[in-house]
Amino acid sequence: MSSPRPLPRRLPQRRAVAGRQTASRTTRRERPTRSGRLLVPSAITILALCAALTGLRLADSGRIDLALTLLVVAAILDGLDGRIARMMGATSPLGAELDSLADAINFGVVPALMVYTVLLRDESHVGQGIGWALTLVYCAAIVLRLARFNTLLDDDSAPGYTKDFFVGVPAPAAAVMVLLPIGLLQQFGDGWWTGPVFVGCWLVFIALLAVSRVPTLSFKSGKLRARLLAPLLILVAAAAALLFTFPYVLMVAVVAAYLLHIPFAWRMKRWVSTRPEYWDTPARDRRHARRDNRRAEVAAGSRRRVIPVRKPSARLGLRRPPRT
């Protein structure tokens, strides 16, 4: 009688130490996907940079319309890269630094050099020197503005209402505003708006707005009310009509509207900064609170009520229908 064959000896299983095997496999699988996600927003930022620099080259060769179009394309791509990165979950310190450096070139260096190339380079030797110095002032102001913006993003102790305001004029808005003399040149030709004195003062003015602490509204955090949808769609249609017919008139209108909104933004921030109880409330609730405060002041007699003037029907040439 033969003895039973011994059972095969099982090898001891490797003990998973701190999830080493599963973690390594997961990391190997997710690493290419993570790298692909990081590539998309960074590639958009690089495309925006290339568009802006190509626009500078075209402005130097006299093709100003196409140069400004490429700068607008760069601004649109700059607005998309951050949103796409957040949607894809691909935000990273590298992407943030790349975006900031690209903004400094797209909205600081390129617009200033466009203004110098188109309007200030053909002046006398002294005029060229002064124009170049003012160009450097604008570039430095945009770089300082972006550096301050990056430091304010890391301030976790700031009140909640600060996300509704920018400190100073943002770099994309400053770029559009500083290019206003070129737009006036393309629309109306030569004039006092293309002279070196006005252009130099305009460069310094926009540079001061960029580095100042003047509050401007952040339209990213705003919420659209339903009753304003139809008027805004009509406004968009009018802007589109101007864009395809008289784009530089639209540019002038946008710059004027942005400058006119600054006093209202300053007043809104001053109101909320003196009332800590509204620091963390939404902007819509703050608007309702300001309206209730005005009504209370009118009822108490400390504020004068503004009654709209209604013209009588006789002055308007209207007649009341006879009673039957």
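Predicted model: local features only at pLDDT ≥ 70, side-chain atom pairs only at ≥ 80, totals over all residues.
Q: How do you know whether histidine 261 is buried or exposed?
A: Buried means under 20% relative accessible area, exposed over 50%, and partly exposed in between (1.4 Å probe, protein chains only). Histidine 261 has 11%, so it is buried. This residue lies in helix H9; helices (H or I, at least four residues) and strands (E, at least two) are DSSP runs, numbered from the N terminus.

Q: What makes threonine 216 count as buried or exposed?
A: Its relative accessibility is 0%, so threonine 216 counts as buried. The residue sits in strand E2 (residues 215–217), and its side chain reaches the backbone oxygen of glycine 168 at 3.0 Å. Leaving aside residues up to four places away in sequence, threonine 216 touches several others (contact means heavy atoms within 4.5 Å), among them Asp164, Phe166, Tyr258 and His261.

Q: Why is the pair of arginine 121 and aspartate 60 called a salt bridge?
A: A salt bridge is a side-chain nitrogen of Lys or Arg within 4 Å of a carboxyl oxygen of Asp or Glu. For arginine 121 and aspartate 60 the closest N and O atoms are 2.7 Å apart, so the pair qualifies. The structure holds one salt bridge.

Q: What does arginine 121 tie together with aspartate 60?
A: Arginine 121 lies in the loop between helix H3 (93–120) and helix H4 (125–153), and aspartate 60 in helix H1 (residues 20–60), so the pair links parts that are 61 residues apart in sequence. Arginine 121 is partly exposed at 34%, and aspartate 60 is likewise partly exposed at 43%.

Q: Why is helix H5 called mostly covered?
A: Six of the eight residues of H5 (residues 171–178) are buried. They are Ala171, Ala173, Ala174, Ala175, Met177 and Val178. What covers them includes H3, H4, H6, helix H7 (196–211) and H9.

Q: How do you know what kinds of residues make up the contact of H6 with H9?
A: Helix H6 (residues 180–188) and helix H9 (residues 247–273) have axes that come within 9 Å and cross at roughly 145°; axes are lines fitted to C-alpha atoms over the stretch in contact, and angles run from 0 to 180 degrees between N-to-C directions. H6 brings Leu180, Gly183, Leu184, Gln186 and Gln187, and H9 brings Tyr248, Val249, Met251, Val252 and Val255. Ala, Val, Leu, Ile, Met, Phe, Trp, Tyr, Cys and Pro count as nonpolar, Asp, Glu, Lys and Arg as charged, and the others, Gly among them, as polar. The contact therefore divides into seven nonpolar, three polar and no charged residues.

Q: What makes leucine 39 count as buried or exposed?
A: Leucine 39, found in helix H1, has 57% relative accessibility, so it counts as exposed.

Terms used:
Residues numbered from 1 in each chain as written. Heavy atoms only, no water. Polar contact = N/O pair within 3.5 Å; in protein donor to acceptor, adjacent residues only side chain to side chain.
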